[in-house]
Amino acid sequence: MNLLCKITSVSTLPRCLRSFSVSALNNKDYSCKLLVVGGGSGGCTIAAKFARRLKKDSVIVLEPSSEHFYQPLFTLVGAGVFKVNDTRRLEQSVLPDKAIWVRDYAECVNPERNIMTTKQGHVIHYEYVVIAVGLNNDYCKVPGLIEALQDKESGVSTIFSSQYCEKTFEDMQKFKGGEAIYTFPDSPIKCPGAPQKICYLTESYFTKTGLRSKANITYNTCLPVIFGVKKYADALMKVVEKKKINVNYRTVLKEVRSDKKEAVFINADDKKETTVPYNLLHVTPPMKTPDFLQNNKDITDAAGFLQIDKYTLQHVKYPNIYGIGDCTNTPNSKTAAAIAKQSYVLEQNLLSTMQKDNPSQKYDGYGACPLLTSYHTCILAEFLYDGIPRETMPFNQARESVIAYYMKKNLFPLLYWSFMLKGYYNGPEFVRKIINPFAK
């Protein structure tokens, strides 16, 4: 077993108890009106909104990383269109100046006393808290995966990490023919359309470089369908047929044997195992919430996701706790577009809570997934809870579109860096009303 996997399972003692061994001389006490846990997409957006509304230093952002990535572009990094540095900014540059940044991990929350303890032993007293810690890749759930990702000659990569997404394109360039396999795991993941996006882009790359006839491309997904919204699933099946990609449903990656270039899959229904050879293997790793949520069961469900009302985004038990983004148990697609819409609902409802009113705004489950189908086309899927399409553009977005491709490549990053993270973008509703006023 990889050393990293061993480390994560050394002790069963909760981290919130272990933190008390830190010397009190090194600890600090903080106090704030609003604590934002996590400095990713959701955390930065909420911090920006409330830093403008509250007095200086009333907002604390608890975030350990010094870098911030625009992860939706990792797919195009994996396809060779961008470099990972194109997706990177310093964390300091995306946090609001009026907020205090505590560079540390959340460790233990006491929701009864409104106290957060950090990994280094700092204590933060808060009146309200927004939890936005995202999801972590759970590499250890697939034996052999970490070793394969770290081996430059393994042919194994993933676009779901800044560390490995450039390796995806390197593996595509090294490919001379054979089996190219793509996976979707049996866990909630961020951007559920991405596993097949990179599959389509790889097919386009092989076609462009004259290797398509030498490649057998397979997409293995744990799901019973290729996409959760029927309108777009029907369109994607036409893409699959056109590109001659094999699709295996209810098929889960169980193990990677990079020394033999073999992958072991298990059927989710009959539990039958199959070992297949590969020349190129793109893995979407299983994902889970960070240790902070896994170890704080008072505020989570059985799987470690923050328990919030799916409409108001308020915690089901503690009214001064809200959640946003991938770490929550809302049954929506976990995308940046969802966070944009959630940020407005959360802002308005948290303001109501601060004013001792009941939250009245409702999140409708909106999410969007620009499904890249080639180096110049994209299906722009937009939908609400229960898979109901909710499109912005005045044309059928289930059709492959050049316009949608350049929106994904150029427009959406601009919206993200210049507007969303600054708290000014709440989703495309205002655009929809202007360009498609009669849409239902």
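Guide: The buried residues of α7 pack against α4 (74-78), α6 (145-150), β10 (156-157), α8 (194-208) and β17 (280-282). Contact here means heavy atoms within 4.5 Å. Helices (H or I, at least four residues) and strands (E, at least two) are DSSP runs, numbered from the N terminus. This is a predicted model: local features need pLDDT of at least 70, side-chain atom pairs count only at pLDDT 80 or more, and totals for chains, interfaces and linings use all residues. Residues are numbered from 1 along each chain as its sequence is written, and side-chain values use heavy atoms, with hydrogens and water left out.

Helix α7 spans residues 165-174. Its buried residues are Cys-165, Lys-167, Thr-168, Phe-169, Asp-171 and Met-172. Buried means under 20% relative accessible area, with a 1.4 Å probe and protein chains only.

Now the spaces. The count comes to 1 cavity of 30 Å³ or more. On a 1 Å grid over the protein atoms alone, a cavity is a set of points where a 1.4 Å probe fits but cannot get out; lining residues have an atom within 4 Å of a point. Grid points are joined across faces, edges and corners, and a volume is the space filled by probe spheres set on the points. The largest cavity holds about 50 Å³ of space. Residues lining this cavity include Val-142, Phe-184, Leu-253 and Pro-286. Strands β11 (178-184) and β14 (251-257) each give two or more residues to that lining.

Key:
Buried means under 20% relative accessible area, exposed over 50%, partly exposed in between (1.4 Å probe, protein chains only). On a 1 Å grid over the protein atoms alone, a cavity is a set of points where a 1.4 Å probe fits but cannot get out, and a pocket is an open set with protein on both sides within 12 Å along at least five of seven lines; lining residues have an atom within 4 Å of a point.
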